[in-house]
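Okay, thanks for coming, everyone.

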Amino acid sequence: MELPYVVVIILFYLGIYTIIMNKNLIKIVVGVNIVESSLILLLILISFKLGGTAPILDRKYELVVDPIPQALALTAIVIGGSLIAVMLALVIKIYKRYGTLNVDEIRKLRG
Amino acid sequence: MESAVWIILLPLLTAFFLGIFKLYSDKLFYSLVIVSMVIYLYLLILVINDSYPPKVYSIGNWGLLGINLMVDSFSAMFLLIIAILFITVIIFSLNYIKVNKHKFIILTYVMIAGIAGMVLTADLFNLYVFLEVSSMSSYALTAIKKTDKSIESSFKYLIMSTFGSFFILLATILTYYLTGTLNMAEISLEFKSVPFMIKSTIMFFFIFGYGIKIGLVPLHAWMPDSYEASPIPYNVLSSGLVMKSAIYALIRLLYVIFGVEFLTESGILNIGVFWGVLTFIIAHTLAYQQSNLNRLLGYSSIAQIGYITIGLFLGNEKGLIGGSFHILNHGIMKGTLFLVLGIFYYSLKADEIEDIQGLGYKFPVLSFTFVVAALAIVGLPPFNGFISKWLIIEAAIEAGFFYAAFFILVGTFLSLTYYLKVIIKLYTKTEKKTLIEKPDLSLKLPTFFLGSLCILFGIVPSLPLSLINNIPKFLLNNSEYIRILLGG
């Protein structure tokens with residue numbers, strides 16, 4: 001039961017590490033995706049029960065999984081998908097203008 | 001009873017139909033923009049009027065299982081800012097925006113829907129969804145000018161803001177895991193039995209996540225870039241609504257879910273006040289070095305967020321009143337400054353400090369409005385910024401944070417230096433400049449409207465304060481809020 005949580009934590013930090021340390025825009029987008037997936041996995045994990053069925057209102061099924069996190073996971077997937085779409089659109093624009101994906105070479109603005 | 005629901009639904013529906021009408025005729029498009037704006041204003045006034053005592057709107061009669069909207073004085077105050085800024089910005093941008101005008105208006109409607117949802121909701125996950133709706137349209141609005149800078153700054157904004165969203169989502173999931181509910185009132189009751197360390201960790205995630213969206217100082221790097229690159233009507237909304245809705249959500253979560261006793265116990269109030277002081281000192285110093293006016297105003301926005309943070313984190317009644325009043329005032333003052341700047345840019349393509357030299361003689365009334373708003377934001381009487389700043393200082397002394405009160409005075413002088421620099425430049429004589437385009441009344445009228453509000457709220461502060469005075473009742477004592485939400 002502990003192992004899936006360890007996987008979630010590893011994925012989360014891996015994604016954060018990818019976003020912070022990489023210079024390549026596409027790899028940053030991939031990092032965002034990894035963190036997003038780890039959070040969705042966490043949502044599914046907290047509702048998981050061994051042997052549970054779908055939440056149908058019926059006396060026959062005693063052990064059902066919690067439906068709310070699954071609904072949240074769906075919403076989170078939709079948000080994540082649109083986020084990646086906006087991000088990739090911007091990456092395409094940047095690549096067309098600068099001809100490179102390296103963060104260090106596309107600095108017109110100063111912090 | 002349905003009017004609060006329509007505050008979220010109307011802008012979304014309008015945005016949808018605007019997208020269809022755009023394909024057929026311009027006339028239909030603009031008439032829908034105007035009609036929907038007027039109806040929206042009416043709805044907002046209806047709900048603001050009805051905000052005390054707080055009302056709960058439960059959608060679809062699902063009770064506590066369903067989605068609940070709650071209107072109390074804090075959200076009513078925020079709806080007031082939406083009403084003021086939304087109307088002015090839409091009227092201003094009808095003539096101002098040249099590139100992608102239809103898309104700009106549609107995205108603004110979507111963003112307003114997201115912000116209104118954040119303000120009204122009493123459900124933790126809905127808060128996250130609406131936050132994403134408003135941020136997602138903000139990214140697009142930042143990039144809408146399609147210049148190199150705007151696309152680059154939009155990407156920077158996107159990455160940093162997404163980083164914050166992860167932590168907010170993580171904290172939301174952990175909260176659900178611990179309490180088994182998403183309703184804020186039920187979470188607050190369940191949280192009483194959660195161990196101290198776990199609660200503090202969740203609170204840290206929330207503060208870090210929202211801190212990026214608010215732009216507290218080490219996390220602010222995206223903000224000045226986005227101000228420099230995005231169209232000016234969006235800057236008004238960004239400084240007035242997008243940043244403020246994030247700080248609204250943070251304060252709502254901290255005071256309602258965690259409760260003021262836990263905040264005092266965990267020492268986060270001290271950290272918040274210190275963070276606020278740090279934020280405005282650094283932001284003022286950086287603002288002084290800027291030559292681009294948009295960046296200067298951007299850093300000034302970050303500094304004002306510092307004052308607001310101090311006020312809201314003091315944890316006493318006066319601080320909450322002062323902080324909330326400063327949210328309202330800053331929206332109006334910064335809106336005025338940006339709109340005047342927008343007219344300068346529209347007629348002369350001026351956005352560096354050097355470019356506005358001598359414009360005080362060319363646009364006497366506009367420049368006067370700029371000076372009024374600049375003095376208000378510095379915090380001089382008799383303008384509105386003075387009153388809210390004064391309330392924050394008084395609250396800081398009352399709560400025993402003497403260093404905060406002292407540094408607010410220091411910050412006032414710092415901001416006076418760079419705003420004086422701009423004002424002096426405005427009134428320095430120079431050779432005649434030729435206008436590229438003459439600003440017409442639809443640009444000037446919203447500007448004067450906001451400028452006159454600066455003076456009105458300064459002379460008659462009881463007008464907004466009668467609404468704001470009720471805010472601490474439901475934030476400082478969260479049992480009242482919980483009772484109403486559960487009883488609804």
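So, to start: which residues of chain A does the UniProt annotation "transmembrane region" cover? According to that unreviewed entry, the annotation covers residues 6–21, 28–48 and 68–92 of chain A. Before I go on, please keep in mind that this is a predicted model.

What do two of those stretches look like here? For residues 68–92 of chain A, we get 100% helix and 0% strand, with 36 Å between the end C-alpha atoms.

Now over to chain B. Chain B has 21 helices and two strands. Its radius of gyration is 21 Å, close to the 23 Å that the globule rule gives for 488 residues, so chain B is as compact as a globular protein of that length. If you like boxes, the C-alpha atoms of chain B fill one of roughly 70 × 60 × 40 Å along the principal axes. Of those 488 residues, 59% count as buried. And take the contacts in chain B between residues at least 6 apart in sequence: 80% of them join residues at least 24 apart.

An unreviewed UniProt entry puts "domain: NADH:quinone oxidoreductase/Mrp antiporter transmembrane" on residues 123–415 of chain B. In the model, that span is 83% helix and 0% strand, and its end C-alpha atoms lie 39 Å apart.

How do the two chains meet? We have 26 residues of chain B in contact with 25 residues of chain A. On the chain B side, α5 (124–142) and α6 (148–179) each supply at least two residues. The biggest giver is α6(B), with 17 residues. Sorted by class, that side of chain B has 18 nonpolar, three polar and five charged residues.

Let's zoom in on one residue from chain A. A:Leu39, setting aside neighbours within four places in sequence, is in contact with A:Ala76, B:Phe166, B:Leu169, B:Leu170 and B:Ile173. A:Leu39 also turns up in the largest nonpolar core, which has 204 residues; A:Leu39, B:Ile82 and B:Leu250 are the ones with the most contacts inside it. The largest share of this core comes from α10(B), at 19 residues.

How many residues of α9 in chain B are buried? Eight of eight: helix α9, residues 222–229, is mostly covered. Among the buried ones are B:Trp222, B:Met223 and B:Tyr227, and the list also includes B:Asp225 and B:Glu228. What covers them includes α5, α6, α10 (232–266) and α12 (293–313) of chain B.

Last one: B:Asp351. You'll find it in the loop between α13 (317–348) and α14 (359–362) of chain B. Why does B:Asp351 count as partly exposed? Because it has 18 C-beta neighbours inside 10 Å, and buried would take 20 or more, exposed 12 or fewer. Beyond its neighbours within four places in sequence, B:Asp351 is in contact with B:Asn292, B:Leu293, B:Asn294 and B:Tyr345. Take B:Leu293: that residue and B:Asp351 are 58 residues apart in sequence, yet 5.7 Å apart in space, C-alpha to C-alpha.

That's my tour. Over to you for questions.

Methods. Residues numbered from 1 in each chain as written. Chains lettered and ligands numbered in written order. Predicted model: local features only at pLDDT ≥ 70, side-chain atom pairs only at ≥ 80, totals over all residues. Contact = placed C-beta atoms within 7 Å. Helix = DSSP H or I, 4+ residues; strand = E, 2+ residues; numbered from the N terminus. Nonpolar A, V, L, I, M, F, W, Y, C, P; charged D, E, K, R; others polar. Core = buried A, V, L, I, M, F, W, Y, C linked by C-beta atoms within 7 Å. Rg over C-alpha atoms; globule rule 2.2 N^0.38 Å. UniProt positions renumbered as here; feature names shortened; annotations may be inferred.
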